[in-house]
Amino acid sequence: MAAQFEEHRPRLRAVAHRMLGSLGEADDALQDAWLRIDRADTSGVENPGGWLTTVVARVCLNLLRAREARREEELAADRIPAASVRAVDPEEEALLADSVGLALLIVLDTLAPAERLAFVLHDMFQVPFDEIAPMIDKTPATTRQLASRARRRVKGAPAPTGDASRRHRVVHAYLAATRGGDFDALLALLHPDVVLHADRAVVPTPEPVLVRGARPVAEGAMASLGRARSAALVLVDGEVGMAMLEEGRLRVLLRFTFDGDLIREIDVVAEPERLRKAQVAVAEG
């Protein structure tokens, strides 16, 4: 089985990465899965690839449920989650996220664990519903419904047209300028009297932050260059915005208000309760 595990490792790692959104946690999940596999009686296993996928998926499901429980604790305690630090190659993490689609990983983090498992295994790895159902103690029909519900969240909306298309281009340019450190290009996208609101979890600070004026707002955006590299365009409550992923978790949302083709207001959201209430979907186009 050790040889089978190594043969299937790329697929198993891909499953874990899409389930957890984080390369570090995906590698941890594979290590945990191998410890379970190494202790198991595998003499009756007829389909090693499918069986290994099931083991890895169950480990990931447990991790997602534990993550969900921590979120509930953070919300109950009004506590800002601390970022974990893992020894992961950031370039490899970025390449993997790019290959999957960073926006997709962000939206997947908003799904319930069972929805995410059903969608990832069926839609991304063609695992039949009757094999997924026992992992989440559901019937195949219910599992199909979970995947369908997740698919609607992931699908997003058609490519924007008219004013929505212009706003989409402005936000895309904002992200490109921030990622590239192009201060002048960013400044050109902002209304002279732009206002930025950031809740207390963004920095974090004891009170929300308010910044006025194009230059101060652009300078603040330049200071968040590292976060911009893990950002993608998404739909936030049906409007084009941005989201940032950190260790597989949605950490920050940006909502925009426009005055013509200029950004008039930016709302930066990081408080767990506000993130939870937002409807996030993949932005097409």
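Which residues in α1 meet which residues in α6? In this predicted model, Arg 11, Ala 14, Val 15, Arg 18, Met 19 and Leu 20 of α1 are in contact with Arg 116, Leu 117, Val 120, Leu 121, Met 124 and Phe 125 of α6. The residues of this contact comprise nine that are nonpolar, three that are charged and no polar ones. The axes of α1 and helix α6 (residues 113–125) come within 10 Å and cross at roughly 140°. Angles over 145 degrees would count as roughly antiparallel, and α1 and α6 are therefore oblique to each other. The crossing in which α1 passes α6 is right-handed.

Aromatic rings were examined next. The count of aromatic pairs comes to three. One of them joins Phe 5 and Trp 34, whose rings lie 5.2 Å apart, centre to centre, with 50° between the planes, a tilted arrangement. This pair links distant parts of the chain, as Phe 5 belongs to helix α1 (residues 2–20) and Trp 34 to helix α2 (residues 23–39), 29 residues apart. Phe 5 is buried, its relative accessible area being 2%, whereas Trp 34, with a relative accessible area of 24%, is partly exposed.

A further pair is formed by Phe 256 and Phe 258. Their ring centres are 6.4 Å apart and their planes stand at 35°, so this pair is tilted. Phe 256 counts as buried because its relative accessibility is 10%, and buried means under 20%. Phe 256 and Phe 258 also belong to a cluster with Tyr 174, linked by ring pairs.

Definitions and conventions. Residues numbered from 1 in each chain as written. Predicted model: local features only at pLDDT ≥ 70, side-chain atom pairs only at ≥ 80, totals over all residues. Heavy atoms only, no water. Phe/Tyr/Trp six-rings, centres within 6.5 Å; stacked < 30°, edge-to-face > 60°. Helix = DSSP H or I, 4+ residues; strand = E, 2+ residues; numbered from the N terminus. Buried < 20%, exposed > 50% of the residue type's maximum accessible area, 1.4 Å probe, protein only. Axes fitted to C-alpha atoms, helices over the stretch in contact; angles between N-to-C directions. Parallel < 35°, antiparallel > 145°, perpendicular 65-115°, else oblique. Left-handed = near helix turned anticlockwise from the far one by under 90°. Contact = heavy atoms within 4.5 Å. Nonpolar A, V, L, I, M, F, W, Y, C, P; charged D, E, K, R; others polar.
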